Amino acid sequence: MRRIIGLVIVNIIVIAVLAFATKYFWTRANLVVIIDNMTLEIVILAGYTLLLVGGYFDLSVDGVAAVCGVVLGLLINNGTNWVIAIFASLILGIAIGMFNGVVVAKFKVNGLIATLTTWWICIGFSLGMTKAISPYNFPDAFQVLAQTKVFGFRVLIIYAIIAVVILSVILHWTRIGSRIYVSGDNKQSAELMGIDTVKLGIILYTLVGLLAGFVGIMMASRLDAASPSTVDGMTLRVIAAIVIGGGSLSGGKGNIIAGVLGLLLMHVLSNAVIQLGISPYWQKAMLGSVLLVAVLSEKINLKRRI
Amino acid sequence: MNVSSKWVLVGVVLLSLVAGLIGGAVPLVYTKVAHTPEPTAEPVAEVAPVATEPAREGTYYFLAGNNSDPFYVDGVKGFTEAANSVGMKSEFVGPMDLNLASQMKTFEELIASPETKGIFWYPMDFNAGEPFVKAAVDAGIPMVIGAVDSPMKTRNAFIGYNNTVLGQQAGAWAAKLIDCKGEVGTIAIQSSPNLEERVKGFNEYIKSVCPDVVIDERATHDGSAASEAATLEAYMVAHPNLTLLWWADGAAGVQAGLWKDKQAQGVKTMFLATDMPQATLQAVKDGVFVGSVGQDTFTEEYWGVLLMDALQKGLRIPDTLYLSAILIDKTNVDKFLTK
């Protein structure tokens, strides 16, 4: 809870400074842009928090999203009904996630290496199937899925809220959530307590695969194009946000709401460099510095409390 | 191998087969653009059909960066066709992202390989590549640079666009479109020397001929569609009075749907794109983009191969060959769209 309050305060301070320092930051249009561009990352973050808390790691999310989007785009452009194409893409996402889960949880292959190879394979297939030319020009009915507006926001915000609520409930108020925490904290103890950590790992990877597939489909709907590089870099941003929100890379710790606040901070800062007209050469240095300060200040506060 | 691992293996094979079948069986809708050299601002002479020579030993390599960008599709086609016409194998190599170290590693490997008979290089950083350019030339490997020339000039030849001039062409067009009034801005991918030159040329031209026009600091994206969309949306909020936006790299086409949505919301900003991917050309045709400053990469890479081949044959070649950008708008876009 302290982490959440801390991040709320940091976000408020940064937003307040930007609201005074720039002309258009504190406008409805800009806030909509920030939220709209966070939503699909929130969907992934919600599932990824469970995975990370469970002590697992997945670098393939960008690739799974890309290959699912591309398969969907090619199917639609070749005459397949878009509803069937969506199901095919989601099944592909689930299959890849399950495959990751079996390789990592059952065969104990290092999650970093296993999912890195899956990412390569997925990106390779996405590029190979499209020859780097994004399928585009999808039916209007399909575009509605991501482009419909709700109170000025894209409908994606609803999906994000649903993902956050459902997965937060699962993580914090159900037996499976407790098992995820215990398993991530100490797998051997979890097994001694009768928790099937293999099954749990497969379920978590499958969940992330499903959400990655969903994100690939929604990006295709939002942009009316399925790019093979649709969300490159998203995995690392999501991991960074979860860690800023107090998640541990070694498992056992993490909170979806705190992760969302970490992600908000990153998106606010990315937006700030454009609002402030900062030279592109300095953007990453500025982003990294502010995030470093945010993470360190939390650590310092923690030490003081101890 | 126990029963479970067999099932995993079967799963991998099946997954690969399914994906392979989808990739192989589903023909791409987007056939390549028919090469039409006539609409260039300074017309290029018609390419005479070159009789295919008997197969020769070795390979001509096209070494680039961020190779997943659809910008390369036409160029690779030109490169391949030219190599075929002289009976040589060809290959498009380099990192799929903006990874300089990976491009340099490939460069070093190409120089060390006896298979390499010529390297056509799109520099990500000509300073970093300079030792390799020298090493290639010293090893007798024809070394031709495209996209952006190295100031060291140690390569055998350069063919491509003067990016400052390309930026000026875009600037001149933009100045005409906005009648020297209002506000202009640019968006481009980060870390690319040719784009730096391009945007500089654009801004300087606007500044010189339209001193009253406000020029906004450019914004950058990381090459992913999500990052491009986020940058575009944030930029439009930060600059609500923008009269014209120039997207200075070749990735604008993927954002056509988003821009169409903006137009439906009442955004009046003119969107000037760059290059000739099908999605970009379609957006020009549909009136979503006001136009595109097209680089005829087919010609660039085609003649890049012929320059390397001439060097292989001991012929004298020009040091520098500049091409001129094609200004594509509604009036001529049909010539470049897939038939």
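## Confidence

pLDDT is the predictor's confidence in each residue, on a scale from 0 to 100. This is a predicted model, in which local features need pLDDT of at least 70, side-chain atom pairs count only at pLDDT 80 or more, and totals for chains, interfaces and linings use all residues. Residues are numbered from 1 along each chain as its sequence is written, while chains are lettered from A and ligands numbered from 1 in the order in which they are written.

Chain A has a mean pLDDT of 89, with 95% of its residues at 70 or more. Within chain A, confidence is highest in H4(A), at 96, and lowest in helix H13 (residues 283-305) of chain A, at a mean of 71. Helices are DSSP runs of H or I with at least four residues, strands are runs of E with at least two, and both are numbered from the N terminus.

## H2(A) against H7(A)

The axes of H2(A) and helix H7 (residues 156-173) of chain A come within 8 Å and cross at roughly 20 degrees. That makes the two helices roughly parallel (angles under 35 degrees; over 145 is roughly antiparallel, 65 to 115 roughly perpendicular, the rest oblique). Axes are lines fitted to C-alpha atoms, for helices over the stretch in contact, and angles run from 0 to 180 degrees between N-to-C directions.

Among the contact residues are Ile35(A), Val43(A) and Leu50(A) of H2(A), and Tyr159(A), Ala163(A) and Leu167(A) of H7(A). Contact means C-beta atoms, placed from the backbone, within 7 Å. By class, this contact has 15 nonpolar, three polar and one charged residues. Nonpolar covers Ala, Val, Leu, Ile, Met, Phe, Trp, Tyr, Cys and Pro; charged covers Asp, Glu, Lys and Arg; the others, Gly among them, are polar.

## H2(A) against H12(A)

The axes of H2(A) and H12(A) come within 9 Å and cross at roughly 140 degrees. Residues in this contact include Asn30(A), Glu41(A) and Leu45(A) of H2(A), and Val260(A), His267(A) and Asn271(A) of H12(A). The contact has ten nonpolar, six polar and one charged residues.

## Chain A against chain B

At the interface, 45 residues of chain A are in contact with 46 residues of chain B. Helices giving two or more residues to the chain A side include H2 (28-53), H10 (197-223) and H12 (256-275). That side has 24 nonpolar, 17 polar and four charged residues.

## Domains of chain B

Chain B is divided into domain 1 (59-160 + 297-324) and domain 2 (164-294), with bounds from an automatic or database domain assignment. Their centres, taken over C-alpha atoms, are separated by 28 Å. Twelve residues of domain 1 of chain B are in contact with ten residues of domain 2 of chain B.

Conventions. Two residues are in contact if their C-beta atoms, placed from the backbone, lie within 7 Å.
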